[in-house]
Each structure stands twice: as C-alpha cells, then as structure tokens.
Amino acid sequence: MNISTDTIQMINHQLSVPDLVTIPFIPGDGIGPEVTQAMQSVVTAALTEVYGNKRQIIWKEVLAGEKAFRQTEEWLPQETLYDFSHYMVGIKGPLSTPVGEGIRSLNVALRKDLDLYVCLRPVRYFKGISAPVINPEKIDVTIFRENTEDVYTGIEFEADSPETSALLQWLQENYPQSFGKIRFPQTVGIGIKPISQQGSQRLLRAAIEFTIENKKPSITLVHKGNIMKFTEGAFRKWGYDLAESEYKDFIYTSKQFDSTRKTFGLSVAREEKETALLTGKIWMNDVIVDAAFQNLLLYPENFSVIATTNLNGDYLSDALAAQVGGIGIAPGANINYQTGIAIFEATHGTAPDISGKNIANPSSLILSSVMMLQYIGWQEAADLITSAVEMTIRNGQLTPDLAQFVKNATIVGTQEFANAIISNF
Ligand code: NAI
C-alpha cells in the first residue's frame with residue numbers, strides 16, 4: 001500500500017495533507033499525560049475504523065513545561081517551536097505556568113512565537129450533561145477570539161515606577177486634557193491596549209470565511225465600542241468595513257441596528273434577522289459585550305459565530321462553556337490561517353488535585369482532536385468520534401466530575417471513558 005509521507009504544507013492558501021501525517025504533541029503537566037493518552041487511543045482507533053490503514057497519524061512527542069525543564073532546563077525549547085512550525089498542525093495538553101518573575105505563560109509564549117492569531121472555541125451542548133440553564137441545547141456558538149493584541153500585549157507600568165512617572169509627565173505636558181481624566185495620578189498603574197486594523201481584520205476575515213464555508217446564519221461582533229471608541233469601537237467598524245468591501249455578496253450588515261440597546265432578542269433584532277434571511281445572506285450584527293453576556297443567557301439561539309477582541313473573548317468563552325456544563329468538555333484551538341500553523345488544546349488546566357488518579361475527564365482534548373481532524377480535512381473520522389462521544393455521554397458513562405451531577409450515571413475512569421467512546425463507534 002502506497003501512502004504519502006510528507007509533512008503538511010500550505011499550497012495556494014489551502015492545506016495539503018499527506019495520508020501519513022506527523023503530528024507533534026505536548027502531553028502536558030498534571031493530568032496532561034493521562035488525557036493525552038486517552039485522546040490518542042480514540043483518534044488512532046477512529047482512523048483505523050474509517051480509513052483502514054490508508055490514513056494514519058505518526059505522533060511525535062515534543063517537549064514543553066515541567067518535563068522539558070527536567071530534561072533540558074528550558075520550559076519551552078526552541079526545537080518544540082521549530083517542530084510546531086515545521087509540521088504545522090499539533091495538539092497539546094495543559095501546561096502549568098512556571099512560578100517565578102519574568103517567566104511567561106507557556107501558552108501565551110506559544111501563541112505569540114507562532115503568531116497564532118485566532119483562538120477558536122466552539123461551544124455546544126451534549127445531551128446527558130447537567131447544565132445550569134434551562135435550554136442548553138439552544139447553544140451552538142463558535143467564538144473567534146483575537147489572540148495577539150489588546151491588554152494581553154503585556155505593556156503595563158507599575159504604580160510609582162519611573163516608567164509611569166515619565167509617561168504621566170509626558171501626558172501632562174502634551175495632552176493635559178487626557179492627563180486630567182486620570183483620577184489618582186499619584187498611585188496609578190497604567191496598561192496599554194493596542195488594537196490594530198491589520199490585527200482585527202485578519203481575525204475578522206477568518207471568522208467571516210468560517211461563517212460562509214460552514215453555512216452559519218449569522219456573525220456577531222462583540223465589543224465595548226461605546227466606551228473605548230478607538231480600540232473596541234474601531235474593531236466593530238473594521239468588521240463592517242471588511243464585510244462591505246469584500247464580502248458584500250455574502251453578508252447583510254445590520255450596523256444601523258442600535259447595538260447598545262438590550263433588545264437584541266426582541267422585535268428589532270428579529271426583524272433584522274428576518275430581513276437578512278430574506279436576502280439569503282449571512283446576518284452580520286454587533287452587540288456591546290455586557291449585553292452579549294445577558295443575551296447569550298436569554299437568547300442564545302440568536303448567536304452562531306462571534307468575532308471579538310482578546311479580553312472579551314477570554315471571558316465569553318469560559319462563561320459560555322459553563323452554560324453548557326463546564327470547561328472540562330470545551331475544546332479549543334489557536335490558529336494562524338495565513339501560515340496554516342495550528343495548535344489544538346485542552347481548555348482546562350493541569351488539575352494537580354486529581355493528577356495520576358485516572359479520573360480526569362479527557363473530553364476537552366478529545367473534542368480538540370475532532371477540531372484538528374476537521375482542520376486537516378479528515379471529516380469522516382471527526383464525525384465518527386463526535387457521534388461516539390455524544391452516545392457515550394447520553395448513555396451516562398461519565399467521569400466523576402460530570403457523573404456527580406447526573407442521576408444513575410456510570411462512573412468511569414479516564415481511559416475507560418476513552419474505551420467506551422471507541423466501543424460506541
Ligand atoms: P484547572 O483547570 O487545572 O482546575 C480547576 C478545577 O477543575 C480543579 O478542581 C480540577 O480538578 C478541575 N478540572 C480541570 N480539568 C479537569 C478535567 N479534565 N477533568 C476533571 N476535572 C478537571 O485550573 P487551575 O487549578 O486554575 O490551574 C492549575 C494549573 O493549570 C496552573 O498552573 C495553571 O497555570 C494551569 N493552566 C493551564 C492551562 C492551559 O495549559 N491551557 C489553562 C488553565 C490553567
């Protein structure tokens with residue numbers, strides 16, 4: 001049997017994926033190795049089930065986190081970054097953030113060094129999971145969170161430092177009005193929030209193209225533009241500009257709709273949504289972030305794809321995951337759609353309290369591997385795993401974190417949960 005054994009490549013803006021593909025993976029710290037092993041057993045079994053031996057993954061372990069530090073005295077060796085950019089598509093378990101001044105979060109370092117500008121978080125409900133809202137099945141939302149800008153850039157000056165004094169002095173001399181807005185200049189710490197047109201529009205373009213390709217009904221820009229006009233407000237404007245200049249044939253924009261009103265789920269929004277539907281186009285609208293939190297609880301069916309800035313996206317993705325039963329099952333990915341480089345990841349942490357006990361829930365990493373298979377175009381295997389996960393959860397075979405809230409659940413361990421998924425193929 002001839003199977004091609006090249007690495008993934010980006011050719012004419014499309015991923016070209018060989019049948020025998022090398023995928024670098026970081027097992028991670030704490031529960032990382034347990035959930036990684038469970039995930040790999042599910043993926044390998046699914047590939048065999050769907051493709052026989054025509055398509056396979058060669059798993060290549062790369063070092064990061066505590067294991068890397070023990071072996072190389074580096075938390076994130078250069079070789080790991082090289083492997084992720086060389087092989088292009090990888091997956092990782094959770095990493096503990098090393099404690100100590102001046103050491104960056106490894107997750108942030110990976111995103112920054114590989115310029116993975118989209119944080120992609122699909123959130124949906126699985127029947128059988130106990131959720132805190134009445135109709136969790138109405139939630140099917142994909143969040144595109146900008147990953148490289150905003151207050152996360154890390155430009156911060158401590159109160160009473162020489163940097164802050166210099167900045168304040170400069171403001172006072174050059175922009176006295178702005179300086180006057182600072183209520184307590186003597187004790188203020190200052191953070192800088194950079195949001196650019198390029199940075200916003202590459203994220204917005206990815207969100208729009210995903211919406212079109214996946215035939216989703218709407219895309220909502222979430223921002224705080226009523227207060228931060230030149231950053232969050234500009235993000236909103238650049239979103240509409242991009243849609244109107246490049247995607248006119250696909251998108252109906254609702255920017256005349258007053259997004260500051262909290263009536264998003266009510267008649268005005270319904271009329272706009274219906275108008276968009278009649279044109280046969282995708283409905284692009286926008287909502288102020290505080291209203292978005294409210295509306296995602298009250299009218300989740302009005303949301304499909306969300307494009308948002310970094311900090312808003314951080315809050316929104318965890319809150320929405322909680323609405324469907326917790327971040328323990330929410331998958332995620334960090335992607336650069338221009339280079340094609342992508343790292344799929346569990347969204348929970350290393351859970352040191354349950355590490356090594358075979359009770360961690362591997363769903364987040366398993367569902368992230370589903371996203372990875374979709375990304376490389378191996379849709380049939382992705383679909384098989386998704387329906388087997390649905391069946392396993394619906395049957396009440398659950399790890400302790402989920403089983404505690406479900407009557408008559410059968411409690412299973414990490415690897416047993418993976419085995420149950422495989423037996424439900
Ligand atoms: P955590 O997510 O590790 O744990 C919070 C709680 O959720 C704990 O009670 C834990 O037992 C439970 N939990 C988490 N994942 C679970 C799973 N798969 N199955 C069952 N229960 C699960 O968050 P925490 O305690 O704030 O952080 C611990 C470490 O993880 C820190 O070093 C932190 O920096 C790191 N972290 C890493 C992330 C990443 O690599 N993406 C994300 C979040 C935290």
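**Exercise 1. Find which polar backbone atom lies 2.7 Å from an oxygen atom of the ligand.**

Solution. Step one: look at Ala351. A polar backbone atom of Ala351 is 2.7 Å from a ligand oxygen. Such a polar contact is a pair of N or O atoms within 3.5 Å; within protein, one must be able to donate a hydrogen and the other to accept it, and residues adjacent in sequence count only if both atoms are side-chain atoms.

The ligand alone exposes 810 Å², and the protein buries 63% of that. Areas come from the Shrake-Rupley method with a 1.4 Å probe; for residues, only the protein chains shown count as cover.

Step three: note the basis. This is a predicted model, where local features need pLDDT of at least 70, side-chain atom pairs count only at pLDDT 80 or more, and totals for chains, interfaces and linings use all residues. Residues are numbered from 1 along each chain as its sequence is written, and side-chain values use heavy atoms, with hydrogens and water left out.

**Exercise 2. State how many residues surround the ligand, and how they divide.**

Solution. Count 19 residues around the ligand, each with a heavy atom within 4 Å of it. Leu95, Gly349, Ala351, Asp353 and Asn361 are the closest. The shell divides into eight nonpolar, eight polar and three charged residues. Here Ala, Val, Leu, Ile, Met, Phe, Trp, Tyr, Cys and Pro count as nonpolar, Asp, Glu, Lys and Arg as charged, and the others, Gly among them, as polar.

**Exercise 3. Trace Asn107 from the ligand to its helix.**

Solution. Start at the ligand: a polar side-chain atom of Asn107 lies 3.0 Å from one of its oxygen atoms. Now find the helix. Asn107 is among the buried residues of α4 (residues 106-113), with Leu106, Ala109, Leu110 and Arg111. Buried means under 20% relative accessible area, exposed over 50%, partly exposed in between (1.4 Å probe, protein chains only). Helices (H or I, at least four residues) and strands (E, at least two) are DSSP runs, numbered from the N terminus.

Check the ends. At the start of α4, a side-chain oxygen of Ser105 comes within 3.3 Å of the backbone nitrogen of Asn107. Asp115 follows α4, with a positive phi near 50°.
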